[in-house]
Amino acid sequence: MRPFSIKTKLGTLVVVAVFITTGLLMIAVRTETELRFITVFSMIATLLITQFVAHSITAPLDEMNTVARGISHGDYTRRVRGADRRDELGDLAQTINRMADDLEAQERQRKELVANVSHELRTPIAGLRAVLENVVDGVSAADPETMRTALKQTERLGRLVETLLDLSRLDNGVVPLRKRRFEVWPYLSGVLKEANMVASARAGIASGSGSHTRTDVHLHLDVSPPELTAHADPERIHQVVANLIDNAVKHSPPHGRVTVKARRGDGPESLDLEVLDEGPGIPRSEWHRVFERFNRGGVVAPHGPGSDGGTGLGLAIARWAVDLHGGRIGVAESQRGCRIQVTLPGVPSPDRLT
């Protein structure tokens, strides 16, 4: 039992009331005072002490009720005082304040989501509208080049909508994992080849869609041992690796190098991945914000031609895919550039299943 808990206070109140009553009775016996006066004095003293203790309990509850009522009406700025109390009311105050902090953060993220999504959708819609208005007004002809420009804006919209759908599935928890065993070297080699092909197809075109268009950055794969295998959902791991590569390429210097490393993890069929670049790196103060949605980092202008700010959703989706596997993802120390580590648990051991 806590020394300052409500139970202790109520127990102390009973003991004090009994002590006062007993003391007054002993005084009455020795001084031959009438019992009715002693009874009145005992009741008054007990009521005063009870009122003091009751006020110390009910006053915080009234404040908590007021704050909770404000939270129910959307006011997340108020906090309950007395969270440092060393009793059950202090614990309750801390819980209410944490709830208010979480709700305030969620409301802020909701507003930022609406603002950022609106901004991301507005740009390709405006570009597509301008192209179509020029065609309708006869300013430009509906030639293949004009239609290709319109198609690129439509593709950008499609990619953004697909990304938002992924985030919606993330929040609703409706994405099942289809794990299977696969060989890491040919799998990652295919991911890197696909990244190079996509960049080459979009070379010289600033898509603004979150997919890089640079062809000057060299992608290197390092898998050891070469016969390494892993047990995971290949489609989701593709999202992780592709988004990490895309982010690394965007922030690489001209003719830089991005390395994808794969090693065997601690458990059976587990996998440790690393993606390293030679860019400016990420300040330690920003490590905890790297995987937040719509966070584009602190680099004002990404390096190299074809690097845009992206949507700021790639790393958030990478973290989501890793979390689905029960793995870990984070920024690690690096002498140069940025190094992001991914740990996938592989096949659960039998003792974890029991």
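# Briefing: strands, cores and local features of a predicted model

Strand β5 and strand β7 (residues 339–344) run antiparallel to each other and pair over six bridges. Pairing here requires at least two bridges between the strands, as found by DSSP. This is a predicted model, where local features need pLDDT of at least 70, side-chain atom pairs count only at pLDDT 80 or more, and totals for chains, interfaces and linings use all residues. Residues are numbered from 1 along each chain as its sequence is written, and side-chain values use heavy atoms, with hydrogens and water left out.

**Overall make-up**

- The protein chain has eight helices and seven strands. Both are DSSP runs numbered from the N terminus: helices are H or I with at least four residues, strands are E with at least two.
- Of the 354 residues in the protein chain, 37% count as buried. Buried means under 20% relative accessible area, exposed means over 50%, and partly exposed lies in between (1.4 Å probe, protein chains only).
- The protein chain exposes about 20800 Å², and carbon and sulfur atoms supply 58% of that area. Accessible areas come from the Shrake-Rupley method with a 1.4 Å probe; for residues, only the protein chains shown count as cover.
- Take the contacts in the protein chain between residues at least 6 apart in sequence: 70% of them join residues at least 24 apart. A contact means heavy atoms within 4.5 Å.

**Annotated segments**

- An unreviewed UniProt entry annotates residues 12–29 and 35–54 as "transmembrane region". UniProt positions follow the numbering used here, feature names are shortened, and annotations may be inferred rather than shown by experiment.
- Residues 12–29 are 100% helix and 0% strand in the model. The end C-alpha atoms of this stretch are 26 Å apart.

**Nonpolar cores**

- The largest nonpolar core has 40 residues, and Val184, Leu188 and Ile245 touch the most other members. Helix α6 (residues 234–250) gives the most to this core, with seven residues. Such a core is a set of buried Ala, Val, Leu, Ile, Met, Phe, Trp, Tyr and Cys residues joined through side-chain atoms within 4.5 Å.
- Leu188 touches Leu221, Val223, Val241, Val260, Ala262 and Leu273, leaving out residues up to four places away in sequence.
- A second, separate core holds 12 residues, including Leu13, Val67, Leu89 and Ala93.

- β4 and β5 pair in the antiparallel sense, over six bridges. Arg263 stands opposite Asp272 in β5.
- β5 is mostly covered, with five of its six residues buried.
- Glu274 has Gln341 as its bridge partner in β7.

**The loop between β4 and β5**

- Six residues lie between the strands in the hairpin of β4 and β5.
- Glu269 lies in this loop. Its phi is near 60 degrees, a positive value in a residue other than glycine. Glu269 counts as partly exposed because its relative accessibility is 23%.
- Ser270 sits in the loop between β4 (257–264) and β5 (271–276). Ser270 counts as buried because its relative accessibility is 4%.
- The side chain of Ser270 reaches the backbone oxygen of Gly267 at 2.6 Å.
- Beyond its neighbours within four places in sequence, Ser270 is in contact with Thr229, Arg263, Arg264, Gly265, Leu344, Pro345 and Gly346.

**Other backbone features**

- A cis peptide bond joins Ser224 and Pro225, with omega about 0 degrees. Pro225 is in the loop between β2 (218–224) and β3 (229–232).
- His255 is not a glycine, yet has a positive phi of about 60 degrees. His255 is found in the loop between α6 and β4. His255 counts as exposed because its relative accessibility is 66%.

**Asn97 in helix α3**

- Asn97 is found in helix α3 (residues 88–136). Asn97 counts as buried because its relative accessibility is 12%.
- Asn97 touches Arg79, Val80 and Ala83, not counting residues up to four places away in sequence.
- Asn97 and Val80 are 17 residues apart along the chain, and their C-alpha atoms are separated by 6.4 Å.

Definitions and conventions:
A polar contact is a pair of N or O atoms within 3.5 Å; within protein, one must be able to donate a hydrogen and the other to accept it, and residues adjacent in sequence count only if both atoms are side-chain atoms.
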